[in-house]
Amino acid sequence: MKDLTRYRNIGIFAHVDAGKTTTTERILKLTGKIHKIGEVHDGAATTDFMEQEQERGITIQSAATSCMWNDHRLNIIDTPGHVDFTIEVYRSLKVLDGGVGVFCGSGGVEPQSETNWRYANESEVARLIFVNKLDRLGANFYRVVDQVKDVLGANPLVMTLPIGEEDDFKGVVDLLNQNAWVWDDSGDPEAYEIIDIPEDLQDQAAEYREALIETALEQDDDLMEAYLEGEEPAIDDIKRCIRKGTRELAFFPTFCGSAFKNKGIQIVLNAVVDYLPNPTEVEAQPEVDLEGNETGERAIVDPAGPLRALAFKIMDDRYGALTFTRIYSGKIQKGDNVLNTFTGKTERIGRIVEMHADSREELEVAQAGDIVALLGMKNTQTGHTLCDPNNPATLEPMVFPDPVISIAVAPRDKAGAEKMGIALSKMIQEDPSFYVETDEESGETIMKGMGELHLDIKVDILKRTHGVEVDVGKPQVAYRETITQTVEDTYTHKKQTGGSGQFAKIDYVIEPGEVGSGYEFESKVTGGNVPREFWPAIEKAFGVSMEEGTLAGFPLLDVKVTLMDGGFHAVDSSAIAYELAAKAAYRQSVPKASPQLLEPVMKVDVFTPDDHVGDVIGDLNRRRGMIKSQEAGVTGVRVKADCPLAEMFGYIGDLRTMTSGRGQFSMEFSHYAPCPSNVADQVVQEVKERKANS
């Protein structure tokens, strides 16, 4: 039996370009997992093994790897930083026990750092903070610490101080052990010496150490009392308190360094072992029923318990589909049959492998606390629970956001059509935020995703990985519709053919619902004018109808339907008759309720150098953007705004032109808002033309 107290399941997450993948590379080198360091900018990083990742220098899908440090086993997931791939971060955090948040020493707390931090808070994941890139121009450790407090509302517990900054960054002061780690300029992570704290930093180090001890000892009243009476606590006692506070999210131990220059990584690895929880110390996963409500039971981390495992990622490679799985309880052996509670079917485990990026190591058995990949799973998808067939249970599933942008794709030739179908079904399994559907009227294949880059990568994967040449239509926005007025109406459905006929009469009110309420249905019928057994048919028919609005065919949002009264025939009334009546009533009444087009509005975060702020704000205003705030930093200004998605296509090219290539931006879906009438008219007109042409 493996010793679970020596396990650490951790993720490394940050804003795009803060140095996550480089940090992971250094960890793998130090732990002896790789012998030559691969650089992201050369396209040679171990965990960036997709062609698209190597070319663009970004991480697209999370990669899993395992290594050993100080006799502890680290399962590490390197996650993407780009906003279009946050789904990868979300599902990785869901199965991790701890994390390392990497922040850029000059960029500080950037937009994606906030989103990832929010996800980590929701998943209640204990974290360390690593302020990276302190060798860069404009790097300032203390400014980033202040931003963590102000922007994230978190409590950073400073554990190390930088020695020198920018080009002069040499090493770090270890506050707890009251010494300094100094590296030479060879770039060798092992080429360091531990010396006394430099004189010019001694006062500052003493001040920060005192703050560290006081914050840590708040976790133990007895130690705090002794400390206030002048008794110096032992290092092990302080560590125990830091570990407790980190696990309970009271504070986040904060370290500094430069991953690229190989400085400061050992101390972070020591902290992962010392302060982040092992699988047995994390609150057990809640079990849910088929409706998703918690049952009160929890999957206690125990190798001897019944099997409870969550499939959190599907990846297709040359050996077939890999199902990345976190085992919470029990164990899995090669050849076992396990139950998938979502499909209700059992599946046989073909092989169990431990992943190291895209290479693997075969295992005979895996147990609670492990993160492994399973081969041979036919029907398991992201978020499905695998369990003991004799003791079934479902773990809390994952919830994924709806896509906001779509494009039409068509294969260049007949032979490509079948290949495209197979490729798309594999891609859907791998990425739950990627949807594909066929437009019934035009017969077009529509791909839907989280942003332009997301869909751009998908088209690239279709072409290169699957060898399917496709023509791509221009991006389409996922509009919605709603109503703005209340309509009271009645509809009678009568059909008389030979034999029994159809009869259903309904009196109803259709009114705007609360924002975000979706579709609500209520019946106020008293007596037997519309028998109770037909209410579900009416509710369902209105609900199905709302998938297509009457303005331009987009789904209808935030509508309440109240059934007031109706009529009934003892022989001719049936569920089908009431269903047909409700569908016709929808078509009759929604156009009277002043339908309105809604457009997706994005939360946009733009970074620009000082001298281009005016141009950037002017351009956002032209795009119908609402400027929310401006924050000046050392190297430039961050402008936050709400902008309609329709106006943001191709924005990165325009921004780079405006800022001489130095601007950056990220955006994520915020909410739906009413479309200005001139824009709505144009969208409706385009939809009509498209339908006429198809």
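This report covers charged contacts, a surface patch, cysteines and selected backbone features of a predicted model.

The model is predicted, so local features need pLDDT of at least 70 and side-chain atom pairs count only at pLDDT 80 or more, while totals for chains, interfaces and linings use all residues. Residues are numbered from 1 along each chain as its sequence is written, and side-chain values use heavy atoms, with hydrogens and water left out.

**Salt bridges**

A salt bridge is a side-chain nitrogen of Lys or Arg within 4 Å of a carboxyl oxygen of Asp or Glu. The count by this rule is 19 salt bridges.

| Pair | N to O distance |
|---|---|
| Arg240 and Asp237 | 3.3 Å |
| Lys244 and Glu248 | 3.9 Å |
| Glu362 and Arg351 | 2.7 Å |

Glu362 belongs to strand E20 (residues 359–363) and Arg351 to strand E19 (residues 351–356), so this pair ties together parts that are eleven residues apart in sequence. Helices (H or I, at least four residues) and strands (E, at least two) are DSSP runs, numbered from the N terminus. Arg240 and Asp237 both lie in helix H8 (residues 235–247), where they are three residues apart, about one turn of the helix.

For accessibility, buried means under 20% relative accessible area, exposed over 50%, and partly exposed in between (1.4 Å probe, protein chains only). Arg240 is partly exposed at 44%, and Asp237 is partly exposed at 24%.

**Negative patch**

Asp203, Glu207, Glu210, Glu214 and Glu218 form a negative surface patch. Patches are made of residues with over 30% relative accessible area and no salt bridge, with like charges joined within 9 Å and nonpolar side chains (Val, Leu, Ile, Met, Phe, Trp, Tyr) within 5 Å. Asp and Glu count as negative and Lys and Arg as positive, while His and the chain ends are not counted. The place of a charge is taken as NZ of Lys, CZ of Arg, CG of Asp or CD of Glu. One of the patch members, Glu207, is found in helix H6 (residues 202–217). Glu207 counts as exposed because its relative accessibility is 57%.

**Cysteines and a buried strand residue**

The structure holds zero disulfides, a disulfide being a pair of cysteine sulfur atoms within 2.5 Å. Cys104 is buried at 4% relative accessibility, and Cys241 is buried at 2%.

Thr254 sits in strand E11 (residues 252–256) and is buried, with a relative accessible area of 1%. Thr254 and Thr160 are 94 residues apart in sequence, and their C-alpha atoms are 7.1 Å apart in space.

**Positive phi angles**

Most residues other than glycine have a negative phi. Asp558, which is not a glycine, has a positive phi of about 55°. Asp558 is located in the loop between helix H12 (535–545) and strand E34 (559–567), and is buried with a relative accessible area of 10%. Arg624, also not a glycine, has a positive phi of about 65°. Arg624 is in the loop between helix H14 (613–622) and strand E36 (626–632), and is partly exposed at 25%.

Technical notes: Accessible areas come from the Shrake-Rupley method with a 1.4 Å probe; for residues, only the protein chains shown count as cover.
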